[in-house]
Amino acid sequence: VQIAVKTNEEGRMYGSVTAHMIADALSKQGFKVGTGAVKLKGNIEEIGHHDVPIHLHADVDALLKLVVTSQ
């Protein structure tokens with residue numbers, strides 16, 4: 001999943017990527033995942049590649065490969 005965010009001239013993000021933003025991006029790709037299933041330990045505040053745990057079912061967890069890019 002790729003999420004583009006606004007950054008300043010130095011590449012620093014304005015704000016952060018939240019669990020809600022990740023769930024919305026997955027929904028746009030046809031995957032119905034609730035915000036509570038996205039197990040972030042805090043918001044993502046850096047451009048780059050991130051591994052995000054997703055809890056899909058009682059016995060099913062997945063690791064989402066998230067790419068945060070600059071708009």
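Here are a few exercises, with worked solutions, on the predicted model shown above.

**Exercise 1. Work out the order of the strands in the sheet, and how they pair.**

Let's take the pairs one by one. Start with β1 (2–5): four bridges tie this strand to β3, residues 60–70, and the two run parallel. You can find this pairing residue by residue. Ile3 has Val68 as its bridge partner in β3, and Val5 sits opposite Ser70.

Next comes β2, which spans residues 48–57 and pairs with β3 through nine bridges, this time antiparallel. Look for His55 and its bridge partner Asp61 in β3. The link from β2 to β3 is a hairpin of two residues.

Now put the pairs together. The order is β1-β3-β2, an open sheet of three strands with mixed pairing. That leaves β1 and β2 as the edge strands, each pairing on one side only. On average, neighbouring strands are turned by 35° against each other, if you ignore direction. As background, strands of a sheet pair through backbone hydrogen bonds, either parallel or antiparallel.

**Exercise 2. Find where α1 packs, and say which of its residues are buried.**

First, the packing: α1 lies on the sheet and touches β1, β2 and β3, with its direction at about 125° to that of β1.

Second, the buried residues: in α1 (19–28), these are Ala19, Ile22, Ala23, Ala25 and Leu26. Because they cover an arc of only 160° around the axis, they end up on the same side of α1.

Third, the cover: β1, β2 and β3 are among the elements lying over the buried residues of α1.

Finally, look just past the helix. Gly30 follows α1, and its phi is positive, near 95°.

**Exercise 3. Describe the largest nonpolar core and say what supplies it.**

Begin with the count: this core has 18 residues. Those with the most contacts inside it are Val17, Ile22, Val38, Val52, Ile54 and Leu66.

Then ask who contributes. β1, α1, β2 and β3 each supply at least two residues, and α1 gives the largest share, five residues.

Now zoom in on Val38. Setting aside neighbours within four places in sequence, Val38 is in contact with Ala19, Ile22, Ala23, Val33, Val52, Pro53 and Ile54. Of general interest: in soluble globular proteins, nonpolar side chains tend to be buried together.

**Exercise 4. Decide whether Tyr14 is buried or exposed, then list what it touches.**

For the contacts, leave out residues up to four places away in sequence; Tyr14 then touches Lys6, Thr7 and Asn8. One more distance to check in the viewer: the C-alpha atoms of Tyr14 and Glu45 are separated by 8.6 Å, though the two residues are 31 apart along the chain.

**Exercise 5. Find the side chain that makes a polar contact with Ser16.**

Go to the loop between β1 and α1, where Ser16 lies. The one you want is Asn43: its side chain and that of Ser16 are joined by a polar contact of 3.3 Å.

Notes. Residues are numbered from 1 along each chain as its sequence is written. This is a predicted model: local features need pLDDT of at least 70, side-chain atom pairs count only at pLDDT 80 or more; totals for chains, interfaces and linings use all residues. Side-chain values use heavy atoms; hydrogens and water are left out. Contact means heavy atoms within 4.5 Å. Two strands pair if DSSP finds at least two bridges between them. Axes are lines fitted to C-alpha atoms, for helices over the stretch in contact, and angles run from 0 to 180 degrees between N-to-C directions. Buried means under 20% relative accessible area, exposed over 50%, partly exposed in between (1.4 Å probe, protein chains only). The arc is that of the directions from the helix axis to the C-beta atoms. A nonpolar core is a set of buried Ala, Val, Leu, Ile, Met, Phe, Trp, Tyr and Cys residues joined through side-chain atoms within 4.5 Å. A polar contact is a pair of N or O atoms within 3.5 Å; within protein, one must be able to donate a hydrogen and the other to accept it, and residues adjacent in sequence count only if both atoms are side-chain atoms.
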